Amino acid sequence: MKSFSLPVFVARQQNYLLTEYTVGTMLVPIFTLKLNHKINPRMVTVGKFDGVHPCLTAATQAGKVFIHNPHARGQKPVAHRLSQSTQDSDISLLNINQAVTCLTAGTLGPNTTGDTLLVGSQTNLLAYDVHDNADIFYTEVSDGANAIVLGKLGDIPNPLAIIGGNCALQGFDFEGNDHFWTLLEKITAVTGDNVRSLVLCDFTGDGKNELLVGSEDFDIRVFKEDELVSEMTENESKNHAMSIHAFDLNADGVVELITGWSNGKIDARSDRTGEVIFKDNFSSSVAGVVEGDYRSCAVTRGQFRGYLPASKDLKGNLMDSSVEQDLIRELSQRRQNLLLELRNYEENAKGVSETNKTIIRAVLIFAEGIFEGESHVVHPSVQNLSGCVQVPIVPPKDIPVDLHIKAFVGGKTSTQFHVFEITRQLPRFSMYDITVDSSAAPPTGRVTFSINDRPQRVVMWLNQNFLLPEGVESPDITLNSLRGGGLLSISMASSGQITLTTDDIDLAGDLVQSLASFLAIEDLSAEADFPGYFEELRTTLTEVDEFHSVHQKLTAAMADHSNYIRNMLVQAEDARLMGEMTTMKKRYRELYDLNRDLVNEYKIRSNNHNALLACLKSVNQAIQRAGRLRVGKPKNQVIAACRDAIKSNNVNALFRIMRAGAASS
């Protein structure tokens with residue numbers, strides 16, 4: 001049989017079907033595969049575990065990993081973690097015995113036959129040799145494993161299994177031991193929020209891979225080994241991209257961006273125009289998009305789909321002659337619709353000219369991250385129809401927002417309305433008003449830094465990034481936050497020193513990053529003091545110490561109880577063998593009480609652990625916020641120095657670094 005390289009789209013449904021589509025003059029299916037497993041989103045990969053044949057691999061919601069391997073049909077794996085599926089001879093099941101949170105496959109070590117399968121959970125990372133059916137290593141990941149990527153990073157010579165967890169990144173070599181951390185501790189990085197996605201790629205174009213990290217706060221951060229080199233912020237969206245992949249689907253020599261969405265939609269877009277050249281739909285969320293040289297076969301059930309790329313003679317054309325006829329009919333229908341719109345336009349124009357009054361019948365606004373469902377529709381009641389409609393817009397974060405507005409306008413007696421479309425962008429800091437409440441208390445937080453630029457350039461930045469009724473002419477300005485009060489003051493001295501005064505450390509960091517980007521400043525050091533926030537952080541650090549102390553005491557108590565249980569079991573078994581039923585019953589009653597106490601202690605330990613993680617997340621975010629008050633090398637130095645202060649438990653040094661920068665240490 002002939003084998004092909006194709007992208008495979010995996011739907012998250014009860015039953016799964018793999019369908020490969022070949023392209024003659026259009027996409028048609030040539031094989032199907034059924035699997036009765038529910039697949040976790042973003043946990044699909046293809047691995048050559050024997051070094052030759054690709055195997056479709058995915059995590060199920062039952063705490064298992066299935067491996068589809070039609071190349072080893074009839075071969076039964078030896079008993080270990082891997083077992084044969086009772087429903088399909090081509091499928092093996094890897095028992096993880098806990099919820100799988102991430103999964104990938106690739107070359108990790110030098111002594112393995114083929115690809116290594118990496119499976120993460122909230123407590124451990126398993127590196128597994130599927131071909132030899134053996135563990136390579138099984139190690140604890142204290143911050144959890146929400147995402148995983150395998151490959152080379154920067155100048156580090158060997159591939160790494162990089163894990164993204166709760167506000168942290170970890171890297172493991174093929175041995176997965178503590179000695180690795182001693183050698184390459186620099187790879188450990190702190191992120192602003194829980195990591196949800198990881199990608200290795202040459203972001204800077206220097207021929208070496210950088211690490212792109214996506215987190216729950218909708219930020220994308222780029223790390224060059226341990227150095228943070230770039231940050232981007234995205235809006236929250238109604239439908240999420242579950243998986244993306246680059247693949248030349250239409251044989252034009254240029255890869256397309258193939259995206260699987262949470263609503264089941266799949267589309268392939270041109271990288272040059274953004275045009276959708278192919279699309280399809282599943283009835284449920286897409287779990288993953290992968291590519292492999294997969295051999296065709298004929299099975300009867302399931303919900304996977306495979307798409308064979310077009311032949312080279314098509315040169316990008318995925319449509320046949322019947323599609324061309326459909327296009328002609330579509331264009332004809334559009335022509336009729338346009339003629340109808342023209343007649344309605346002429347009638348509306350006549351009615352408006354007679355009454356000289358227009359009304360807005362409805363307004364549709366599309367803006368990501370602003371409205372629930374991404375769009376907002378206003379239908380004024382008949383009694384309130386007028387030529388003006390006011391819609392409150394409240395951006396939740398300080399990022400630019402594109403507003404796409406459609407207004408239905410016509411006369412009061414019109415039955416057909418004009419549709420006026422307009423696109424406007426709200427500036428990044430649009431939620432700050434120049435009208436200041438005189439009764440508001442002055443802020444106590446501030447950040448101070450110096451620039452070598454003219455005041456007029458700062459004024460230009462203010463006018464472009466704030467929604468001001470009239471353009472300001474001075475860099476000295478005081479604004480009022482519309483999200484809940486609080487003042488923001490910006491001032492610039494003749495020496496070039498700029499002072500930002502606000503109690504919101506996040507806002508201060510956003511302002512520093514925005515101004516530095518506008519003025520093309522690569523390195524910027526600063527002094528900062530946020531008394532209220534630093535006091536909260538000091539309280540959090542105290543709680544961390546308390547939670548650690550409680551954790552140690554609970555762990556010691558559980559160890560004592562475990563030893564007591566072992567002794568009690570021995571005594572109960574001895575009593576049974578000696579026929580002393582009364583003593584045996586007494587010991588088992590005591591065991592029952594001990595077990596109940598252990599369960600209660602576990603609940604306390606679990607609650608303590610969750611509270612500790614929340615505090616550590618706050619500490620990590622505080623370090624990130626301190627870094628965002630600087631730019632370039634000073635930023636990275638502050639983050640590294642703060643981490644060192646945390647490791648050495650030097651709280652006073654931590655606050656000195658946050659205030660004055662890494663130079664103070």
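How are α5 and α6 oriented to each other, roughly parallel or roughly antiparallel? The axes of helix α5 (residues 531-577) and α6 come within 7 Å and cross at roughly 160°. The two helices are therefore roughly antiparallel to each other; angles over 145 degrees count as such, those under 35 as roughly parallel, 65 to 115 as roughly perpendicular and the rest as oblique. Axes here are lines fitted to C-alpha atoms, for helices over the stretch in contact, and angles run from 0 to 180 degrees between N-to-C directions. α5 passes α6 in a left-handed crossing.

The model is predicted: local features need pLDDT of at least 70, side-chain atom pairs count only at pLDDT 80 or more, and totals for chains, interfaces and linings use all residues. Residues are numbered from 1 along each chain as its sequence is written, and side-chain values use heavy atoms, with hydrogens and water left out.

The protein chain holds eight helices and 36 strands. These are DSSP runs numbered from the N terminus (helices H or I, at least four residues; strands E, at least two). Of the 665 residues, 45% count as buried. Buried means under 20% relative accessible area, exposed over 50%, and partly exposed in between (1.4 Å probe, protein chains only). Contact means heavy atoms within 4.5 Å. Among contacts between residues at least 6 apart in sequence, 59% join residues at least 24 apart.

Helix α6 (residues 581-628) also packs against helix α7 (residues 633-647). The angle is about 150°, and the axes lie 8 Å apart. α6 and α7 are therefore roughly antiparallel to each other. Their crossing is right-handed. From α6, the contact uses Val619, Ile623, Gln624, Ala626, Gly627 and Arg628. From α7, Lys635, Val638, Ile639, Cys642, Arg643 and Ile646 take part.

A further pairing joins α4 and α6, with an angle of about 35° and axes 8 Å apart. This crossing is left-handed. Ile505, Asp506, Gly509, Asp510, Val512 and Gln513 of α4 meet Arg625, Gly627 and Arg628 of α6.

The largest nonpolar core has 55 residues. Such a core is a set of buried Ala, Val, Leu, Ile, Met, Phe, Trp, Tyr and Cys residues joined through side-chain atoms within 4.5 Å. Val447, Phe449, Trp461, Phe466 and Met658 have the most contacts inside it. Helix α4 (residues 505-518) gives the most to this core, with seven residues. At least three residues come from each of domain 3 (432-521) and domain 4 (531-660), with bounds taken from an automatic or database domain assignment. Apart from this core lies another, of 17 residues, among them Phe49, Leu82, Leu103 and Tyr128. Beyond residues up to four places away in sequence, Phe449 touches Gly496, Gln497, Ile498, Leu500, Val512, Leu515, Leu524, Ser525 and Ala526.

Two loop residues are also buried. Leu249 sits in the loop between β21 (241-247) and β22 (256-261). Its relative accessible area is 1%. Leu249 and Ile277 are 28 residues apart in sequence and 9.1 Å apart in space, C-alpha to C-alpha. Ser430 lies in the loop between β30 (418-426) and β31 (432-433). Ser430 is buried, with a relative accessible area of 9%. Setting aside neighbours within four places in sequence, Ser430 contacts Pro395, Asn465 and Leu467.

Definitions and conventions:
A crossing is left-handed if the near helix is turned anticlockwise from the far one by less than a right angle, and right-handed if clockwise.
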